[in-house]
Amino acid sequence: GTCLNVGCIPSKALLDSSEHVHRAQAEFKEHGIEIKELKINFNQMIKRKNDVVKQTCAGVAFLMKKNKIDVHTGHGSFIDKNTIEADAGNGQKTTVETAKVIIATGSKPASLPGIAIDKKRIITSTEALSLNEIPETIVIIGGGIIGVEIGSVYARLGSKVTVLEFFDSLISTMDNTLGKELEKSLRKLNMDIRLSHKVTGAVVKGNSVTVTAEDPGGKSLVFIGDYCIMAVGRNAYTQNLGCEKVGIIMDAKGKITINHRLETSVQGIFAIGDVITGPMLAHKAEEEGLFVAELIAGQKPHINYLTIPSVVYTHPEVAGVGYTEEQLKTANKNY
């Protein structure tokens with residue numbers, strides 16, 4: 001659900017639109033194309049993004065129908081290990097009897113201790129993809145993939161964007177050099193990037209948010225934005241699934257424990273994607289989905305996680321596959 005509805009697909013649609021704006025402003029003149037007055041119709045931009053999402057979801061729905069898959073819409077939870085209840089939320093409940101279950105409930109945005117996401121001014125990537133205005137100022141907490149992608153969209157559309165990152169590099173899970181190159185690229189969009197900054201609080205005051213942070217020297221700083229986007233990662237969505245009812249073991253962070261077959265502590269129940277360990281990427285979940293499907297069909301599949309790439313949809317894009325340079329140095333391997 002996330003990737004299609006509130007993740008990669010809508011992000012990519014807005015990134016594409018904002019890149020057109022940037023080209024018209026910065027590059028068209030060089031090609032002999034002059035625009036007297038460039039106007040951004042933000043409502044149309046959001047409408048196009050919604051249409052892209054709608055078409056993609058319709059495509060998936062068609063595949064379900066074509067392959068004769070029954071789809072029950074609602075909140076799924078375990079009654080017992082072979083019975084699932086789907087609660088549509090309108091008093092309608094459906095139960096499904098099953099021999100095998102795959103948990104693929106994904107993740108939801110995380111926050112920092114003491115900062116409440118109100119979805120109005122302190123928002124997540126989900127709300128940032130459907131704002132009804134281009135903000136004058138935005139403070140983004142977190143310089144990972146989500147933070148830099150959304151930040152770059154609004155920076156190209158004219159917002160003054162500040163990124164506060166706890167680590168000493170952007171996209172800290174990828175190669176250090178990539179983070180440095182990306183930082184140079186984003187600074188050209190006038191993004192204010194503050195590395196090694198520890199956020200200590202965020203409070204809504206009227207139509208703005210006051211964010212407090214400590215710089216590398218421990219000095220307290222204040223940043224004010226029309227919106228504050230919380231982009232500090234995501235948490236596995238495993239609450240209210242009834243996992244404890246059937247004895248599924250989870251770690252302290254709510255991620256499901258699995259074996260080499262991606263099977264949980266309960267035989268016949270598998271878990272894939274954001275709810276288990278590893279990078280929270282839709283295409284990683286897809287690989288795992290194929291793995292489990294082939295396993296259930298009696299085949300002998302395998303996954304090599306090092307062949308699954310990571311991509312940051314900025315412009316230019318950033319991508320990596322395999323080990324990072326830092327991992328190889330730590331492992332004392334030649335490269």
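## Parallel pairing of β7

Strand β7 and strand β8 (residues 160–164) are joined in the parallel sense over five bridges; two strands count as paired if DSSP finds at least two bridges between them. Within this pair, I141 lies opposite L164 of β8. The chain passes from β7 through helix α5 (residues 145–156) to β8, and this β-α-β crossover is right-handed, a term for a path from the first strand over the helix to the second that runs clockwise with the strands pointing away from the viewer. Helices (H or I, at least four residues) and strands (E, at least two) are DSSP runs, numbered from the N terminus.

β7 also pairs with strand β13 (residues 227–230), in the parallel sense and over four bridges. Here the bridge partner of I141 is M230. Of the five residues of β7 (residues 137–141), four are buried, that is, under 20% relative accessible area with a 1.4 Å probe and protein chains only.

## Basis of the model

The model is predicted: local features need pLDDT of at least 70, side-chain atom pairs count only at pLDDT 80 or more, and totals for chains, interfaces and linings use all residues. Residues are numbered from 1 along each chain as its sequence is written, and side-chain values use heavy atoms, with hydrogens and water left out.

## The antiparallel sheet

An open sheet is formed by three strands in the order β10-β11-β12, with antiparallel pairing. Its edge strands, β10 (198–205) and β12 (220–225), each pair on one side only. β10 and β11 (residues 208–214) share seven bridges, and G201 stands opposite T212 in β11.

Methods. Buried < 20%, exposed > 50% of the residue type's maximum accessible area, 1.4 Å probe, protein only.
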